[in-house]
Amino acid sequence: MLISELLKVVDYTEIINRSGIDPRTADIKAICCDSRKVSENSMFVCISGSMNDGHDYAWGAYGRMCRVFVIEHPITLPDDAFVIVAKDTRVALAQLSSAFYDHPSKDLTVIGVTGTKGKTTSSLMIYNVLNARGIPTGYIGSNGIYFTDNIYPTINTTPESLELHYYMREMLNEGVRILVMEVSSQALKMARVHGIKFDICVYTNLSPDHIGEHEHPDFDDYKECKHSLFTDYGADYIVYNADDEYAEEMIAGNNCKKASISLFKAASFKAEDIKYFRSSGCVGVNFNCIEGETVIPVSVPFPGDFSVYNALTAVAVCDGLGILASDVASSLKDIRVKGRFETYELPNGATTVIDYAHNGVSLKAALVALRAYEPKRLICLFGSVGGRTKIRRAELGLVASRDADFCILTSDNPDRESPAVIISEIATYFTNGTCPYVAIPDRRKAIEYALENSEAGDIILLAGKGHESYQMINGVREEFSEVDIIKEFCEKYQPSIM
């Protein structure tokens with residue numbers, strides 16, 4: 001794509017061109033924000049992250065024959081470089097990416113789901129229902145990027161704008177017409193979704209999270225970033241959880257069509273007669289969805305009231321797309337979501353549940369939901385990430401010590417921080433009168449301990465990792481699969497006593 005065409009979409013303040021490059025004839029073959037991926041005829045956009053500044057890597061890109069740069073603060077480059085000075089390189093990257101891939105979001109119906117909890121399960125419920133109804137649909141979120149037969153991993157819940165636009169174009173090329181996307185607060189704050197038209201926006205709930213040195217400075221900033229999805233991205237239809245205390249504040253400022261969901265008050269879609277069930281390899285919930293005068297029975301293989309909210313969200317979103325609630329219900333009963341209450345029955349009659357619960361609110365919800373199934377013992381295995389969000393350690397420790405019968409403190413993604421230090425911080429919240437615990441820093445050994453010492457009727461919650469297939473240790477992503485550990489145990493099962 002010609003530089004002159006790309007310049008039409010970028011908010012820039014200055015062009016520095018002593019190179020002799022003619023923007024009317026110079027063709028850009030690739031846009032990059034990773035200096036390791038550039039080559040001749042690339043454009044390198046220097047973006048500032050929470051840990052690194054892309055401007056520091058401009059010389060590396062230059063050494064790989066890149067000669068076109070987008071910057072937002074002064075750097076020194078040789079005279080043969082063509083330099084575009086942008087107001088905000090993150091916004092510029094989104095603008096350039098959209099143009100380079102021919103504005104793919106304009107040809108997709110884009111559904112954006114945001115909130116503290118429930119984004120992944122709600123999104124994948126919608127994704128699965130739509131595909132089951134024969135509507136080619138893609139998904140982008142914590143669990144990866146899915147479309148047709150393609151599955152790609154994601155590092156962030158919402159990828160960088162360059163990656164988003166690339167995959168949206170790939171989806172269109174393969175016939176996808178609807179995209180369900182998890183939209184994180186960081187994505188909104190860091191302009192990853194800048195310029196994308198969201199046709200349907202979904203609000204699940206809000207509680208303090210992602211507040212720390214490298215994330216949001218406070219709850220108000222976190223909340224405002226979430227709120228911007230409903231005011232700044234062109235939503236034509238909003239689905240929201242009317243039971244959440246921040247719901248009205250969150251959806252204010254947009255007069256589009258709205259649909260509410262609720263368990264406790266009048267709403268567009270309300271749940272009644274909620275009943276929990278437990279069967280081999282499944283902890284689930286049945287309820288009636290009330291839409292006006294219509295009653296639709298719904299069954300989902302996930303536990304707790306929050307699973308009812310997720311299912312109602314799927315019903316409301318699909319209703320906005322013209323799909324009957326009864327048709328949605330028929331698809332929901334068979335849905336499974338990797339790492340979200342992913343349930344396995346052990347040979348000894350215990351049940352293991354893998355879930356992404358990684359903060360106090362989500363862990364509390366998970367434990368309360370599983371307690372309702374009257375386990376012999378509710379065992380909770382968890383840790384906390386290293387190097388950030390240290391407030392979570394207090395939340396996790398307090399919740400688990402009060403709501404579980406036995407805890408196993410272990411590693412999550414310790415990264416460059418000592419697992420023993422993280423565990424010791426969590427352990428300070430296990431005071432007299434709370435549940436007993438053991439500390440086993442090696443997560444594999446901790447899981448093996450939990451499985452080997454389980455008994456019939458126990459429910460073991462493996463919290464924090466969910467869908468993740470790795471552990472971050474000393475800056476390296478090491479392969480790690482909780483599912484594989486469970487399967488290995490089942491193959492060599494021998495009962496023992498805790």
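This report describes a sheet, its packed helices, a helix pair, a hairpin and several single residues in a predicted model.

## Basis of the description

The model is predicted, so local features need pLDDT of at least 70 and side-chain atom pairs count only at pLDDT 80 or more, while totals for chains, interfaces and linings use all residues. Residues are numbered from 1 along each chain as its sequence is written, and side-chain values use heavy atoms, with hydrogens and water left out.

Helices (H or I, at least four residues) and strands (E, at least two) are DSSP runs, numbered from the N terminus.

## The open sheet

An open sheet is formed by 11 strands with mixed pairing, in the order β9-β8-β7-β10-β6-β11-β12-β13-β14-β15-β16. Two strands pair if DSSP finds at least two bridges between them. The edges are held by β9 (150–152) and β16 (294–300); each has a single partner strand, so one side of each lacks a neighbour in the sheet. From one strand to the next, the twist averages 15°; angles run from 0 to 180 degrees between N-to-C directions, and axes are lines fitted to C-alpha atoms, for helices over the stretch in contact.

Within this sheet, β12 (residues 237–241) and β13 (residues 257–262) run parallel and are joined by five bridges. Y240 stands opposite S260 in β13.

## Helices packed on the sheet

Helix α4 (residues 119–132) packs on the sheet and touches β6 (109–114), β7 (137–141), β8 (144–147), β10 (178–182) and β16. The direction of α4 makes about 170° with that of β7. Contact here means heavy atoms within 4.5 Å.

Helix α9 (residues 304–320) also packs on the sheet, where it touches β6, β11 (200–203), β12, β13, β14, β15 (282–291) and β16. The direction of α9 makes about 130° with that of β14.

## The pair α11 and α12

The axes of helix α11 (residues 360–371) and helix α12 (residues 391–403) come within 8 Å and cross at roughly 15°. The two helices are therefore roughly parallel to each other, a term for angles under 35 degrees. Residues G360, L363, K364, L367 and R371 of α11 meet E395, L396, V399, A400 and D403 of α12. By class, this contact has five nonpolar, one polar and four charged residues; Ala, Val, Leu, Ile, Met, Phe, Trp, Tyr, Cys and Pro count as nonpolar, Asp, Glu, Lys and Arg as charged, and the others, Gly among them, as polar.

## The residue N241

N241 lies in strand β12 and, at 6% relative accessibility, counts as buried. Buried means under 20% relative accessible area, exposed over 50%, and partly exposed in between (1.4 Å probe, protein chains only). Not counting residues up to four places away in sequence, N241 touches Y203, T204, N205, A247, I261 and Y309. The C-alpha atoms of N241 and L367 are separated by 22 Å, with the two residues 126 apart along the chain.

## Positive phi values and a hairpin

Most residues other than glycine have a negative phi. D273, in strand β14 (residues 269–279), has a positive phi near 55° and is partly exposed, with a relative accessible area of 45%. E374, in the loop between α11 and β19 (378–382), has a positive phi of about 50° and counts as exposed at 68% relative accessibility.

Strands β23 (residues 470–473) and β24 (residues 476–479) run antiparallel and are joined by four bridges, with Q471 opposite E478 in β24. They form a hairpin with two residues between them, and N474 in the turn has a positive phi of about 55°.

Definitions and conventions
Angles under 35 degrees count as roughly parallel, over 145 as roughly antiparallel, 65 to 115 as roughly perpendicular and the rest as oblique.
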